[in-house]
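Look at the sequence and the model first, then read on.

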Amino acid sequence: MNRVKRTLAPYLLVLPGGLWLLLFFVVPMVTMFSLSLQQGDIINGYRFTGHWQNYLDAITDYRVQLIRSLVYGLITTVALIVMSFPVAYWIAFYGGRRKPTYLFLVLLPFFVSFVLRTISWRQILTDDGMLLHPLKEAGLLSPGFHILGTPYAVIFGLIYNFLPFMVLPIYVALERIDPRVVEAARDLYAAPMTVFRRVVFPLALPGVFAGVLMTFVPASSDYVNSGVLGSSSTTMIGQVVQAQALANSNYPMASALSFFLMAVLLTGVFAYARVLGTEDVMNAAAR
Amino acid sequence: MTTTMPAPATRARRFRLTGERALFTYTWLVIAWLVAPILIMIAFGFNNPKGRYNQTWQGFTVKWYAKLFEIGDLTSALVISLVIAVISSLLAGALGTGIGYALGRYRFRGAEGVNLIMFATMSSPELIMGISLLTLFVSAGVGLGAVTITIAHVMFSISFVSTVVRARVITLDRSIEEAAADLGAGPWTTFWKVTFPIILPAVFSGVMLAFALSIDDFVVTNFTAGTTVTFPLWIWGATRVGLPPQVNVMGTLIFAAGVLIAVITNLRSRSKARRG
């Protein structure tokens with residue numbers, strides 16, 4: 001009796017939450033996939049017809065926005081790696097007792113709503129705002145100069161909003177490095193740059209990978225930054241999906257676009273994992 | 001920690017010292033950049049704009065703190081957000097603790113699958129989760145509103161709660177539970193009198209995390225809200241016409257409360273750790 005109880009216990013504990021995830025995460029993915037192959041409209045209803053044409057239409061109609069989103073996501077991710085690494089490095093190796101304080105400061109933006117933070121940047125960067133107005137007055141910028149509405153503004157916003165997601169995993173990987181390994185490299189007369197290139201960076205790669213996973217996918221599918229800081233020439237695929245789903249109620253199209261986007265993003269991430277897979281990281285460390 | 005490793009040569013040492021200073025400066029510049037828009041948000045809650053747009057600095061005032069609840073639909077949006085955050089974080093706390101405890105404590109068939117689904121919910125883009133929930137609710141003929149928002153928030157919070165709880169349960173000293181059992185406590189009593197108080201701080205941080213995720217969420221909410229308006233949705237809708245200073249004040253208060261709670265819990269856990 002007691003043994004039965006004990007083997008049942010984990011299942012009973014998992015059951016309510018597991019059911020919730022099944023019902024509201026797994027099942028929706030299935031309905032989304034099913035809807036992406038349906039035809040019809042909001043008034044007459046949708047019927048499943050195995051309509052792969054939805055995917056072809058989605059890709060041909062929104063090719064530009066799809067490619068743009070991937071390019072923005074890629075630029076953002078690369079910039080994030082370059083910008084975050086020194087921060088994570090400094091906190092991990094020189095933070096000392098203050099490490100938690102520095103991490104807390106990096107996470108500070110999360111205490112303000114994502115939308116509100118982005119709008120705050122819009123206020124700072126606006127054409128005659130607190131940043132550009134004085135520069136224009138001083139004659140340092142031409143009166144027609146603007147940042148808002150350009151791809152730069154959108155990528156700037158993406159980098160800003162996702163930076164903590166890159167710093168944190170790189171920090172965790174660096175923090176785990178045994179100082180004796182670095183010491184050994186130095187004892188063997190490796191120059192500082194060589195120590196970094198051959199020892200520290202390869203050991204930090206799993207953290208970089210985790211950071212890419214946490215930033216590339218959400219950045220490419222984001223629609224808040226482009227909506228607030230961009231213009232019609234920076235429309236990203238997230239905005240298209242949102243408009244198709246909420247304004248046009250074209251659920252099959254929105255579903256097909258989302259599914260295609262997810263497939264592309266996951267393929268990209270897994271390709272990256274293959275190239276920089278754990279084995280390669282080990283090899284790089286051993287070399 | 002700063003200089004534990006002896007440098008082999010003075011040139012290399014100088015290089016590292018200036019490198020260290022450069023890294024230090026750079027890190028603080030990045031932190032300043034991260035904090036800048038927050039400071040602007042706080043500052044413009046004290047601005048006294050003449051017209052409709054709260055864009056440029058026009059004088060100091062604290063009147064928006066007094067007129068905080070003067071915009072009716074903004075206030076009700078904030079209230080809806082708070083109610084949804086409380087309910088969804090408590091629900092996610094209960095469901096997530098169950099999963100986290102089971103994963104940390106037992107080895108069972110299907111644990112891998114549960115882990116996989118948790119990882120998937122934490123790493124899937126919000127856009128995909130939002131649109132898929134929308135298709136589910138539309139296909140099932142469920143009307144969108146506060147209930148569907150809450151369902152969605154519980155869904156994406158569960159995995160975060162269970163991750164935090166699992167981490168605590170793994171480090172749990174089993175001998176304490178065994179001692180309770182030896183003294184004649186049944187499994188139920190042991191759990192509530194011994195185990196639960198130990199994992200309670202982790203459950204609490206999980207619930208706080210879920211609360212923060214819920215009150216801040218825009219994307220998933222956008223797809224599951226229908227005509228219901230939460231605080232982030234109200235801000236989004238008002239962006240084009242210009243945000244009233246009350247939004248800055250509410251943002252400031254939420255920020256202050258969040259930072260305060262984080263600092264207090266951090267200090268308490270640190271002093272507890274020092275006491276041993």
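## Helical spans in chain A

Helices here are DSSP runs of H or I with at least four residues, and strands are runs of E with at least two. On that basis, residues 195-217 of chain A are 100% helix and 0% strand. The end C-alpha atoms of this span lie 32 Å apart. The model is predicted.

Residues 12-35 of chain A give 100% helix and 0% strand as well. Their end C-alpha atoms are 33 Å apart. Both spans come from a UniProt record: the unreviewed entry annotates "transmembrane region" at residues 12-35, 70-90, 102-121, 152-174, 195-217 and 253-273 of chain A.

## Overall form of chain A

Chain A contains 13 helices and 2 strands. Its radius of gyration is 24 Å, well over the 19 Å that the globule rule gives for 287 residues, so chain A is more spread out than a compact globule. The C-alpha trace of chain A spans about 80 × 75 × 35 Å along its principal axes.

How much of chain A is buried? Of its 287 residues, 42% are. A residue needs 20 or more other C-beta atoms within 10 Å of its own to count as buried. Take the contacts in chain A with a separation of 6 or more: 70% of them join residues 24 or more positions apart.

## Where chain A touches chain B

The contact draws 67 residues from chain A and 65 residues from chain B. Which element gives the most to the side of chain A? Helix α1 (residues 2-35) of chain A does, with 19 residues. By class, this side of chain A has 51 nonpolar, 13 polar and 3 charged residues.

## The annotated domain in chain B

For chain B, the UniProt record (unreviewed entry) lists "domain: ABC transmembrane type-1" at residues 78-265. In the model, that span is 82% helix and 0% strand. Its end C-alpha atoms lie 25 Å apart.

## I151(B)

I151(B) sits in helix α6 (residues 146-170) of chain B. Is I151(B) buried or partly exposed? It has 19 C-beta neighbours inside 10 Å, so I151(B) counts as partly exposed. The cut-off for buried is 20 or more.

L78(B) and I151(B) are 73 residues apart in sequence. In space, their C-alpha atoms are 18 Å apart.

Conventions: Residues numbered from 1 in each chain as written. Chains lettered and ligands numbered in written order. Predicted model: local features only at pLDDT ≥ 70, side-chain atom pairs only at ≥ 80, totals over all residues. UniProt positions renumbered as here; feature names shortened; annotations may be inferred. Contact = placed C-beta atoms within 7 Å. Nonpolar A, V, L, I, M, F, W, Y, C, P; charged D, E, K, R; others polar. Rg over C-alpha atoms; globule rule 2.2 N^0.38 Å. Buried ≥ 20, exposed ≤ 12 C-beta atoms within 10 Å, placed from the backbone.
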